[in-house]
Amino acid sequence: MEVFKGQNILNFIKELPDDDACKAYLAKMKWQDGFTCGKCGHTKGCEKAGYKYQCYNCQHVESATANTLFHKVKFGLQKAFCIVFEMSTSSKSISSIQMGKRFDIRQGTAWYFMQKVRTSMESSRQYPLSEIVHVDEFTVGGKEEGKQGRSYDSKKKKAVIAVELNNKHQIKRAYVKSIEDYSSKSLTPIFEEHIGAGAKVVTDKWRGYEPLKKTYNIEQKLSSKGKNFKELHIIIMQVKSWLRAIPTHVSNWHIQKYFDEFCFRLNRSQAKQTIFHKTMEKMVTKKPLYQSQIKQILSV
Ligand SMILES: [Zn+2]
């Protein structure tokens, strides 16, 4: 299929001028490797008008949006595409208030849909960091920092970050994970999910990393006020300014979504030409996420 490339909004509107064009784009993506019935799993069927497919086995008619993160989108598909475009191509975070105004939808509606887009931006965990990887923890929200050592201010959200550098010390990729505390147990998942066993990991002298040395190649260096970890601190500052507009009393689930969005874009800064389509691929292959599910997660 012909995929949309680039970051030019005028081209974007020209290529995807209305809901129908977006539906056609979605249908092409969804069934590019053939049809599989969402109800019975049968792989034979025929195309129907309106970019739908009918299963030969159970007669179920499936729309292009069914079983994707566009499932039951409450406003037009073109607006949904535009939100994906904005979120995947702009370098600043856009609030749901702003997004609502821009596309004439309620702020709450925009917010829920934006959470779905962020969900598509979660890492697949298929490509662990493999070169030089600097790991550190940081906090967001709460009072300003200035104290030495680990902070235990409960209003602050804690996070751990892994930044991959090449041998010229240029930043390649990063992952950020929300954590409850700085224990080894809380620090382990970012290693398991995002750091390859062959990576050369560097941390500061925090004892929480000690037990991980059994599995990973970890060198612990004195931080010397961050001078040894310059690149890491550049990214931490970027994450913090990314989150500046966001209330800090949000849940860990919620803050993880913002981390995922930040890392998704950072990790694709060399592949901006195809970032919209890549996001779309993820929107299509991820299981639907319903407003009721999000409400439930947030109420726990
Ligand atoms: Zn079927």
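**Zinc site and sheet**

User: Is cysteine 37 buried or exposed?
Analyst: Cysteine 37 counts as buried, because its relative accessibility is 4% (buried is under 20% relative accessible area, exposed over 50%, partly exposed in between, with a 1.4 Å probe and protein chains only). This is a predicted model, in which local features need pLDDT of at least 70 and side-chain atom pairs pLDDT 80 or more, while totals for chains, interfaces and linings use all residues. Residues are numbered from 1 along each chain as its sequence is written, and side-chain values use heavy atoms, with hydrogens and water left out.

User: And cysteine 40? How exposed is that one?
Analyst: Cysteine 40 is partly exposed, with a relative accessible area of 36%.

User: Which residues hold the zinc ion?
Analyst: Its protein donors (N, O or S atoms within 2.8 Å of the metal, or 3.2 Å for Na, K and Ca) are the SG atoms of Cys37, Cys40, Cys55 and Cys58, which lie 2.3 to 2.4 Å from the ion. Along the sequence these donor residues follow the spacing C-x2-C-x14-C-x2-C.

User: What arrangement do they make?
Analyst: The arrangement is tetrahedral, because the four donor atoms subtend angles of 102 to 115° around the zinc ion (four donors qualify if all angles lie between 85 and 135 degrees).

User: Switching topic, what order do the sheet strands take?
Analyst: Three strands (DSSP E runs of at least two residues) form an open, antiparallel sheet in the order E1-E2-E3. E1 (45–48) and E3 (61–63) are at the edges with a single partner strand each, so one side of each has no neighbour in the sheet.

User: How many bridges join E1 and E2?
Analyst: E1 pairs (at least two DSSP bridges) with E2, residues 52–55, over four bridges in the antiparallel sense, and lysine 48 stands opposite lysine 52 in E2.

Note on methods. Four donors count as tetrahedral if all angles lie between 85 and 135 degrees; four count as square planar and six as octahedral if opposite donors are over 155 degrees apart and all others between 65 and 115; anything else is irregular.
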